[in-house]
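Please keep the sequence and the structure in view while reading.

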Amino acid sequence: MAKSPVDLFYVIYLNGTHVGTTKLGIIYARQRTAVLLYIIGVRQHFGKSIAGLSIAAMTEIGFLHPNQVKICASINTKIIGSLSGLGKNGFKLKGVKKHN
């Protein structure tokens, strides 16, 4: 499995305040997939579409690569807003992993 040596990592600022981060990485060349990670760490900014805008931007950047077929993301099921942000950007639920 060939992995790209490059991960795209961005810090999210809102009005000069660091509110989160986003990363597109773990790019698997053979499977033509990448993994999207993001976090909004300031609770007062939850539910304001900041993650959704980040997802949209990183997805657009990811698909600029000519061979990219799929971008995957996972969420914490206790934070259901994450599912909404992904759904609004064309992501589909593929499965649910049960935790013990």
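Strands, like helices, are DSSP runs numbered from the N terminus, and a strand has at least two residues. The model discussed here is a predicted one.

Q: In which strand is the place of lysine 70?
A: Strands are numbered from the N terminus. Lysine 70 touches Arg32, Thr33, Ala34 and Phe63, not counting residues up to four places away in sequence. The place of lysine 70 itself is in strand β4.

Q: What distance separates the C-alpha atoms of lysine 70 and threonine 33?
A: Threonine 33 is among the residues that lysine 70 touches. Along the chain the two are 37 residues apart, yet their C-alpha atoms are separated by 4.7 Å.

Q: Is lysine 70 buried, exposed or partly exposed?
A: Buried means under 20% relative accessible area and exposed means over 50%, with partly exposed in between. The relative accessible area of lysine 70 is 39%, so this residue is partly exposed.

Q: In what order do the four strands form the open sheet?
A: The edge strands are β1 (8-14) and β4 (70-73), each of which pairs on one side only. Averaged over the sheet, neighbouring strands are turned by 25° against each other, direction ignored. The pairing is mixed, and the order is β1-β2-β3-β4.

Q: What is the handedness of the β-α-β crossover from β3 to β4?
A: Valine 35 has its bridge partner, cysteine 72, in β4. The chain passes from β3 through α1 to β4, and this crossover is right-handed.

Q: What angle does the direction of helix α1 make with that of β3?
A: Helix α1 comprises residues 50-62 and packs on the sheet. There the helix touches β1, β2 (17-28), β3 and β4. With the direction of β3, the direction of α1 makes an angle of about 155°.

Q: How far does α1 reach from its first C-alpha to its last?
A: The helix has 13 residues. At 1.5 Å a residue, the expected reach is 18 Å. The reach in the model is close to that expectation, at 18 Å.

Q: Which residues of α1 are buried?
A: A residue counts as buried under 20% relative accessible area. What covers the buried residues of this helix includes β1, β2, β3, β4 and α2 (81-87). The buried residues are Ile50, Gly52, Ser54, Ile55, Met58, Thr59 and Gly62.

Q: Which residues is threonine 59 in contact with, leaving aside its neighbours within four places in sequence?
A: Threonine 59 has its place in helix α1. With a relative accessible area of 11%, which is under the 20% limit, threonine 59 is buried. Its contacts beyond those neighbours are Leu36, Ile71 and Phe91.

Q: Is histidine 45 buried or exposed?
A: Histidine 45 lies in the loop between β3 and α1. Leaving aside neighbours within four places in sequence, histidine 45 is in contact with Leu14, Val19, Ile40 and Ile50. Its relative accessible area is 10%, so histidine 45 is buried.

Q: Which side chain meets that of lysine 23 in a salt bridge?
A: Side chains of opposite charge can pair when their charged atoms come close. The structure holds one salt bridge. In that bridge, N and O are 3.6 Å apart, and the side chain that meets lysine 23 is that of aspartate 7.

Q: How many residues apart are lysine 23 and aspartate 7?
A: At 22% relative accessibility, lysine 23 counts as partly exposed, as does aspartate 7 with a relative accessible area of 40%. The pair links distant parts of the chain, with lysine 23 in strand β2 and aspartate 7 in the segment before β1.

Q: What is the phi of serine 49?
A: Serine 49 is found in the loop between β3 and α1. At 46% relative accessibility, serine 49 counts as partly exposed. Although serine 49 is not a glycine, its phi is positive, at about 65°.

Technical notes. Residues numbered from 1 in each chain as written. Predicted model: local features only at pLDDT ≥ 70, side-chain atom pairs only at ≥ 80, totals over all residues. Heavy atoms only, no water. Pairing = 2+ DSSP bridges. Axes fitted to C-alpha atoms, helices over the stretch in contact; angles between N-to-C directions. Contact = heavy atoms within 4.5 Å. Expected span 1.5 Å × (residues − 1). Buried < 20%, exposed > 50% of the residue type's maximum accessible area, 1.4 Å probe, protein only. Salt bridge = Lys/Arg side-chain N within 4 Å of Asp/Glu carboxyl O. Right-handed = clockwise from strand over helix to strand, strands pointing away.
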